[in-house]
Amino acid sequence: MRGLIPAAALLVAGAVSPALAHHSFSTEYDRSKPVSVTGVVRKVEWRNPHIWFYVDVKDARGQVATWGFSGAPPAFLMRQGIARDAMKPGDVVKVDGFRARDGSNNASGGRVTFADGRSVFTASPEDVRPD
Amino acid sequence: MYTHLGAPSWAGQLGVVIAAAVLSACTSTQPAPQESQAVPRTAGGKPDFTGVWAGPGFMHTGQDVDTAQVRRYTEANMAPITPDGQALLNRARTGNVRIDDPTAICLPNGLTRQIPSPYAQQWIQTPTQLVILYEYMHFFRVIPFGPPNRAHAPDIEPTYMGDSIAWWDDDTLVIDTIGLNEWLLDAYHPDDGGSRWHSDRMHVVERLRFTDARNASYDVTLDDPVVFEKPWVERWAMQLKPTWKILEFICDDNDRCRTGNCTDADVQASSTP
């Protein structure tokens, strides 16, 4: 396993953004369960209908879990000037989003913040985004 | 043009793609419109809508990059709702995804939701017909030109995109559509998970007119006597994007959390402690 930075908190709290739910958001993610994790990007799937990226996150006991995050469609990101190599395996990122309704380690990836502080939304424009 | 937040290992390939797109635009028979140029016109003198457009589902920056956004029909613009139309327009959540949110299982947008779809669309205009290729789910419309206000064919089979015919009103392109399924009006969902629908009597009239060489007004008149007491108009716009091309979109390709039930990726299955 590659080196990991300490995991940040997994938040399951009440902050909610204004609702303009997307087809996939309202049926797939729970906007009452925001998630915030920090870890190392393990894989990026630059595919339709939404990109997915996976982040290895170490918990307080040192155990590693891989979280999956859904982002915007590739076309949306390209047209905002975000290339497919904007996030690569090995990058350290903080991801804020909302957890999947099935309670698995999957979530919408509303915001990605890189180790140097750069921040970029990866959510679809119709998704609920973190505050 | 593109921001590389990580190492630019893919930049070379992307650059080639972009360069090819620019070269293609420069060498095509249709010159790339610019703000200083006149409205593009066909050899016959009609406005020429041929090109790749950022429809109402974009911010319209005037630049090569643009930001998709979800537009919905504006409540303030709507005509009064009929007593029978309330339940259809403000459809309560049923628990059936085919009703509450059909696109969540890759069913079509339908025309009224497709118009403001936040994906690119390519228009191909000939003297006899207009072809619109929508990136989202690869929908298309083949729309014949003809005399104004003519009748639609009598044997229309209801569909998600309906039966469209077109004509010119001076320099305004008019597209008239009937034959639509009862289906989603737009992408709006209230907090309770409901949806907005129109009836199968929906009649849509799109009126498009260049406002300059790169921009067009896009007025959509919605006439649904089941839902609304009278026709009403949503006024949108679209913008030509000479360097864009429409991309492939496969709804089922990597839809990992359909209806909230996620499928683990290979890397998750191999790493979960």
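User: What makes up 55% of the contacts in chain B with a separation of 6 or more?

Analyst: Residues 24 or more positions apart account for that 55%. Two residues are in contact here if their C-beta atoms, placed from the backbone, lie within 7 Å. Chain A has a figure of 57%, for residues at least 24 apart among contacts between residues at least 6 apart in sequence. Please keep in mind that this is a predicted model, in which local features need pLDDT of at least 70 and side-chain atom pairs count only at pLDDT 80 or more, while totals for chains, interfaces and linings use all residues. Residues are numbered from 1 along each chain as its sequence is written, and chains are lettered from A and ligands numbered from 1 in the order in which they are written.

User: What makes a residue count as buried, and what percentage of chain A does?

Analyst: Buried means that 20 or more other C-beta atoms lie within 10 Å of the residue's own; exposed means 12 or fewer, and partly exposed lies in between, with C-beta atoms placed from the backbone. In chain A, 58% of the 131 residues count as buried. For chain B, with its 273 residues, the value is 34%.

User: How many helices and strands does chain B have, and what makes a run count as one?

Analyst: Chain B has five helices and 11 strands. Both are DSSP runs, numbered from the N terminus: helices are H or I with at least four residues, and strands are E with at least two. Chain A comes to two helices and six strands, in the order α-β-β-β-α-β-β-β from the N terminus on.

User: Why do β10 and β11 of chain B count as a pair?

Analyst: Two strands pair if DSSP finds at least two bridges between them. Eight bridges join β10 (residues 215-223) to β11 (residues 232-240) of chain B, so the pair qualifies, and the two strands run antiparallel.

User: Which strands are the edges of the open sheet in chain B, and what makes them edges?

Analyst: The nine strands follow the order β4-β3-β2-β1-β11-β10-β9-β6-β5, with antiparallel pairing. The edges are β4 (140-144) and β5 (163-169) of chain B, as each pairs on one side only. Neighbouring strands of this sheet are turned by 25° against each other on average, direction ignored; the axes are lines fitted to C-alpha atoms, for helices over the stretch in contact, and angles run from 0 to 180 degrees between N-to-C directions.

User: How do you know that β3 of chain B has two partners?

Analyst: β3(B) pairs in the antiparallel sense with β2(B) (residues 120-125) over five bridges, and with β4(B) over five bridges. B:I132 illustrates both: B:W123 stands opposite B:I132, and B:R141 is its bridge partner in β4(B). B:I132 is on the covered face of β3(B), with B:L130 and B:Y134.

User: What is the sense of pairing between β5 of chain A and its partners β3, β4 and β6?

Analyst: With β3(A) (residues 64-70), β5(A) (residues 106-114) pairs in the parallel sense over three bridges. The sense is antiparallel with β4(A), over seven bridges, and with β6(A), over three bridges. In the hairpin of β4(A) and β5(A), with five residues between the strands, A:G103 takes a positive phi near 75°. The hairpin of β5(A) and β6(A) has four residues between the strands, and there A:G117 has a positive phi near 100°.
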